[in-house]
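The sequence and structure come next.

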Amino acid sequence: MRVKICGVRRVDDALAAVAAGSDAVGCLVALDHAAPDRIEAASARAIFASLPPLVARVLVTHRTALPDVIALMRETAATVAQLQGDFPLVAISALREALPHASIVKCVHVTGEGTVTAALAAARVADAILLDTKTRGRI
């Protein structure tokens with residue numbers, strides 16, 4: 001089992017998560033809705049820079065355009081892209097080519113019968129999938 005603490009906004013919180021055994025730290029950058037745990041790319045970069053080398057640095061974003069995600073990954077120095085938005089599955093190979101050392105996690109929202117089919121499709125192109133709920137007004 002691996003543990004990710006997400007929505008981290010401060011270096012001290014990231015270090016506390018690592019001290020408690022977290023394998024990954026996630027920062028929410030470039031979201032499509034207001035969220036209290038949303039931060040700017042520069043803040044995520046500072047948090048990620050504070051982490052020990054074997055802790056995954058997870059950029060959680062709603063951006064769906066390939067150039068936007070590539071730029072955010074580079075700007076934050078993230079090692080994992082967690083794609084929460086409707087990032088097209090066909091573009092994941094281009095993302096992988098642009099960022100060959102990054103891992104890619106595709107979020108699949110649990111919304112009904114089609115969720116399993118969507119998860120299986122995402123699993124064919126991403127390194128991992130994340131099943132997540134979807135609420136009104138938020139992804």
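Does His109 count as buried or exposed, and at what relative accessibility? His109 counts as buried because its relative accessibility is 13%, where buried means under 20% relative accessible area, exposed over 50% and partly exposed in between (1.4 Å probe, protein chains only). This is a predicted model, in which local features need pLDDT of at least 70, side-chain atom pairs count only at pLDDT 80 or more, and totals for chains, interfaces and linings use all residues. Residues are numbered from 1 along each chain as its sequence is written, and side-chain values use heavy atoms, with hydrogens and water left out.

**His109**
- His109 lies in strand β6, residues 103-109 (strands, E, at least two residues, and helices, H or I, at least four, are DSSP runs numbered from the N terminus).
- The His109 side chain comes to 3.4 Å from the backbone oxygen of Thr133.

**Helix α2**
- In α2 (residues 41-49), the buried residues are Ala41, Ala44, Ile47 and Phe48.
- These residues line one face of the helix, because they fall within an arc of 120° seen down the axis of α2; the arc is that of the directions from the helix axis to the C-beta atoms.
- Ala42 and Ala49 are exposed on the other side of α2.
- The buried residues of α2 pack against α1 (11-19), β2 (24-29), β3 (38-39), β4 (56-61) and α3 (66-76), with contact meaning heavy atoms within 4.5 Å.

**Met1**
- Met1 is in the segment before β1 (4-5).
- Met1 counts as exposed because its relative accessibility is 96%.

Conventions:
Polar contact = N/O pair within 3.5 Å; in protein donor to acceptor, adjacent residues only side chain to side chain.
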